Amino acid sequence: MLPRFLTSSYPMEHHYFMVPKFALSLIGFYPEQKRTVLVKLWSFFNFFILIYGCYAEAYYGIHYVSINIATALDALCPVASSILSLVKMVAIWWYQDELRSLIERVRYLTEQQQRSKRKLGHKKRFYTLATRLTFLLLCCGFCTSTSYSVRHLMDNILRRAHGKDWIYETPFKMIFPDPLLRLPLYPITYILVHWHGYITVVCFVGADGFFLGFCLYFTVLLLCLQDDVGDLLEVENIEKSPSAAEEARIVREMEKLVDRHNEVAELTERLSGVMVEITLAHFVTSSLIIGTSVVDILLFSGLGIIVYVVYTCAVGVEIFLYCLGGSHIMEACSNLARSTFSSHWYGHSVRVQKMTLLMVARAQRVLTIKIPFFSPSLETLTSILRFTGSLIALAKSVI
């Protein structure tokens, strides 16, 4: 049995960006969060922890490249995610006003689409799907970050069981001044590094959750628009032309539907502007992260293999969610074009027919989240998997 907040019986207004709101509120970066002095100080503290963690991991990895490649990769693989998380944190802060505006506008538009059971069904389906998938992402990230700490603790417990000394290192390989890696400061350092891992996770969940959520909510708007167009153009008797008054009403309603379609297209453009840095950085690094993780799996044994298997799965889930969101919008646009053309548009006046065909032409130009060089879709995912497979084959041949 699923928890109630993952089911369609949970109130729709609570489903709306539920997981990204929870995640980003933990570190003080949710756009609608009230920016009190305490929240600002807390968000700056988390920013400092993340940026120092990126530096310490990168320094450690580069330092050990010429000493022990396996140890170096153990630091460089997580630092790629940490740097990407820092990019996402900065982007969310930089575009917080635009994100807040998008959240409020999409919330208003989707709240208007509850006047029929069919529209409410669309909303329940995709709102619940967004919550479930972002919660899956949160669980994957949480397990990945926690596995690093569990691995370190288990290694040291086994060392103590064999009469060896405890190794005073952090869960993620980082360079620290010696006093911070000795008692009594070591537990504090350990906790802060562990929290650094969770900051990385919530930044991923927040940014990726925004992308997926907006894509699925735009899909709801397009499906509701598709239903409204079909209902408006429906003709009971195709041999009997509608009256002039009825045609005038249809023209007015059709103009409203065209405006709604144009607004969804405008919102998609605005989302592209907000998410361009986040999405481009994510796709550029994801293949490298997966490839490096696979190399680590080949180099490590025992708990190390489990850690990087979980890590690879988490990154794969993130890529899949980006591509799934983009594909849903594209499919909704294509379905809108087909459904509109299959309606009874030919039974109306010439003006209505022209407006309908213009909407069909506009819908055929599918809406996409425009990122330089590509657009997230399931086809893009296939290309990434092929590239990753090439990296794995290359690693096997070298090792």
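I started with histidine 328. Is it buried or exposed? Histidine 328 is buried, because its relative accessible area is 14%, under the 20% cut-off. I then placed histidine 328 in helix H9, residues 303-341. Which residues does histidine 328 touch, leaving out those up to four places away in sequence? I found Phe126, Leu129, Leu216 and Thr219.

**Confidence.** I kept in mind that this is a predicted model. The mean pLDDT of the protein is 84. I noted that 90% of its residues reach 70 or more. Where is confidence lowest, and where highest? Helix H11 (residues 378-398) is lowest, at a mean of 61. Helix H2 (residues 18-27) is highest, at 95. Where pLDDT is low, the predicted coordinates should not be read in detail.

**Helix H6.** I checked the span of H6, residues 117-161. It has 45 residues and reaches 63 Å from its first C-alpha to its last. At 1.5 Å a residue, 66 Å is expected, so the value is close. I also looked past the end of H6 and found that glycine 163 follows. The phi of glycine 163 is positive, near 80°.

**Helix H7.** I ran the span check on H7, residues 186-233. Its 48 residues should span 70 Å at 1.5 Å a residue. The end C-alpha atoms are 70 Å apart, so the span agrees. How many residues of H7 are buried? I got 41 of 48, so H7 is mostly covered.

**Record check.** In the model, residues 42-62 are 100% helix and 0% strand. Their end C-alpha atoms lie 30 Å apart. Residues 195-225 are also 100% helix and 0% strand. Here the end C-alpha atoms are 44 Å apart.

**Cysteines.** How many disulfides does the structure hold? I found zero. The cut-off is 2.5 Å. For cysteine 143, the closest cysteine sulfur is in cysteine 139, at 6.4 Å, again too far for a bond. I compared accessibility last. Cysteine 140 is buried, with a relative accessible area of 18%. Cysteine 143 counts as partly exposed, at 43%.

Notes: Residues numbered from 1 in each chain as written. Predicted model: local features only at pLDDT ≥ 70, side-chain atom pairs only at ≥ 80, totals over all residues. Heavy atoms only, no water. Helix = DSSP H or I, 4+ residues; strand = E, 2+ residues; numbered from the N terminus. Buried < 20%, exposed > 50% of the residue type's maximum accessible area, 1.4 Å probe, protein only. Contact = heavy atoms within 4.5 Å. pLDDT = per-residue confidence, 0-100.
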